[in-house]
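This report goes through the structure shown below. It takes the contact between chains first and then turns to a single chain.

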Amino acid sequence: MSTFRIVHYLNQFFGGLGGEEKADAAPTLRAGPIGPGVLLHDLCRGQAEVAATVTCGDNRMAEHPAETLRAVLDLVREAKPDLLVAGPAFGSGRYGLACAAVCSAARQELGVPAVTAMSPDNPGAESRGAHVIVAISGPTASTMKADLERLARLAVKIGRREPLGAADDEGYLPSGRRVNEFGTKTGAERMVEMLLRKVRGEPFASEVVVPAFEPVPPAPPVRDLSTATLAVVTTSGLVGAGNPGGVESWRATKWEKYDISGLSELSPDAFTCVHGGYDTRHIRANPNRAVPLDALRASEREGRIGRLHDVLYTTVGNVMPVLRASQFGREIAAELRSAGVEAAIFTAT
Amino acid sequence: MQLELLGFTVRDVRFGARTDLAGGVLTVDKDALASHLLEDPDLAEVRLAIARPGDSTRIIHILDAVEPRLKVKGGGDFPGFLSTPTPVGAGVTHRLEGVTVLVTGTLSGAADSQGLKESIVDMSGPAARYNPVSGNVNLVIEVAARPGASPVESAAASRKAALKAAVYLASPTRGLTPDRRESLALPPVDGALPRIGYVMPAMSEGELHTTFFYGRSVQSLPALVHPNEILDGALVSADYWIACHRSPTYLYQNEPVIRSLIARHGRDLEFAGVLLCRCLITSQDEKMRQASQTAKVARMLGIRGAVVTMSNGGHAYLDQMLICRELEQAGVATVLGVDEYSDADGSDFPLVTTVPEATAVVSMGNQEQIVDCPAVDTVLGGTAFLAGNSYEKAFGQAPGSALSVALRQIYCSTNQLGWSTLRGRAY
Amino acid sequence: MAKEIERVGIPVAFCTAIPAVPLSVGVSRIFQGKAVTCLLGDASLPAEAERSLRARLTAGALATLTREVNEPTLFRAD
């Protein structure tokens, strides 16, 4: 493959326009490499050339994102890139956000592959879109040379459409994709080695990074249950007798609705349980143990709740993928909203 | 406690007129072994076959894998099953290296949560490297229990057959000179080395799916166990759930974490022992009690760090995560062994549940990765895939045909004890 | 799933035998059920006694819907 064209995005400082006083600088396009682009060009060792540089002030991008991004993208398009490289932005938040935005837009709107570099805690790292590779850099320009070497290596691979190896090996931030590989050490050996490093206070790299779950603010309480409409949602695996919809016993791919209007309780002749993660005999013998329709009807009769929604929503919660569970939740939530449901009883096992 | 483990290398297994071991070839008197096993009135039928590395053979319906062993001194074979439940882990034990007994069957009457999941071993092709026995010569014993036996009785009969066969195959080593000698013990070490424990929650979900410790199901209060006990037959598997997770008896006899910790004992660490407890506890209070009791015992033992594995999936992750949290809060550093539910394309978050204290996690791979298994000449263990796995589309096919299945169906492929070098990595 | 329902402003009484999961995920109103295999009941009780146990558990779950909470909170039957 012949040399491919890199268009390099830099802020006002690394683009040589000036410091904070030039942070409002409008996007400009210049031929050839500038500032860190000179070394980037050299590090690509003839496999790629930094053909042009687009420079823009960080504040301008932060304060007028839509129009500035549009202008930057026009300049990038004009320079006919095979690959867009942005930064490194190091720990600079505004610069990092700009690099991420320019890369995402180049990828989505121009169909141009894009790579940037920044420190992992840069807010730009969080905001990057799908398919934008972020090389890891240090927090300041003091590691410029090593950071550009990593960036150049990734840029050449991406520009040549070569597959990337694992994030740890290549030095980029994980994209969220998991891939199985055989290694040289067994899992048991890796566990013991990692433990020894942890006990000794040495650095170690967890093979799965546990995220903090995104909090959802609690919904406000129901003011008066005696007038409220309630719905029942269950992941207990309760389905109609014979499982007519074919809900899977684990990692279910569907949720179902059953009309329970007119039912005073759930009969074992009409309902069964297909959850594959626990012993379901007790539930199959008396489905009210999973969805307490008998008790809820009594509450309805006694006026302690307004009324019970006519539809029962059900699926199997057994090791359901997180993303699918969220999707099912959103779909059911939309139905509940449009039906005017004010509160929900959710039974899970 | 010192165990002399004497290894006899077996390069091939053949059926012949008399059971013996000579020149690395184990000859098995098929009829004698079959009638030995059929002495059990709960067994109606046994079929014996041999599967060698590289054979175009697929084995299905695997219930357990056992390494042939013979206790020569200091205790009995598979205590709690074939001998009294008195401690093992000392004395002399013979083992056949390179051979496994694979017992297969369908557990008549098994259904729903007391069911049996399919589990596959390919002896050659791209799927072979995902299971721990394709490099061994396997004696495959297909069993059928007496008509009318319950699933629990069927499983018990298959287990007894596997253990008896394991002892039968190792019996010719009596009086022979071993190829390899190992002396396993935990002698006193330099006090400056960190004391390390191994917290081992073994699966137990009920009567059918469980793990036996000296013949009884593991409990949810941590038991302090000498690692030699586990290597010497104290733990026997009765897990018939998801194939990829299974910890067969074979992996307890060759427990990889214990092996790794013993190898480093006196060099990098002091191995304080195994805290054996339970996975898949169904009550919240019992889950919490186990986790806090485990942390308490670890503290009393002066343990600074612990490997925490798990067995099976689903809410077994919670048992592990609660133990992790309690240990970390008690000042005991943890590393967790897990496998992943990352979806076939690797896009989903890998774990079922987590705690913020889980900062050191080792992944044995994504069980949902698809693996291609080419068509084979021979199928052992059964004639059709189990109907209970209807969600796996490939299972509508004949078992000898070419399959694309998730690793989930491949025996022990992502087992969390970490026998394999397979790992899930972030891209 | 329950979090998505809360997200649109509908309060959810999350009944489970194993509250540690929803607590770690951040579900707001969690109600302690009886057992995984028998969430709102007890198969060892005579039918009438079980029915009144279920009425009590259900009332407890309903009551959580009227409670103000600021973080994942576990409720039990009175």
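## Where the chains meet

In this predicted model, 56 residues of chain A are in contact with 71 residues of chain B. Between them, chain A and chain B bury about 5,200 Å². Carbon and sulfur atoms account for 58% of that buried area.

Which three residues supply more than any other three of the area that chain A buries against chain B? They are A:R178, A:F182 and A:M191, which supply 16% of that area.

## Fold and overall form of chain A

Chain A contains eleven helices and 13 strands. Its radius of gyration is 28 Å, whereas the globule rule gives 20 Å for 349 residues; the value is well over the rule, so chain A is more spread out than a compact globule. The C-alpha trace of chain A spans about 80 × 50 × 40 Å along its principal axes.

## Burial and surface of chain A

How much of chain A is buried? Buried residues make up 56% of its 349 residues.

## Charge

Chain A carries 38 positive and 40 negative side chains. The centres of these two sets lie 3 Å apart.

Technical notes: Residues numbered from 1 in each chain as written. Chains lettered and ligands numbered in written order. Predicted model: local features only at pLDDT ≥ 70, side-chain atom pairs only at ≥ 80, totals over all residues. Heavy atoms only, no water. Helix = DSSP H or I, 4+ residues; strand = E, 2+ residues; numbered from the N terminus. Rg over C-alpha atoms; globule rule 2.2 N^0.38 Å. Buried < 20%, exposed > 50% of the residue type's maximum accessible area, 1.4 Å probe, protein only. Lys, Arg positive; Asp, Glu negative; His and termini not counted. Charge placed at Lys NZ, Arg CZ, Asp CG, Glu CD. Contact = heavy atoms within 4.5 Å. Buried area = accessible area lost by both parts, 1.4 Å probe.
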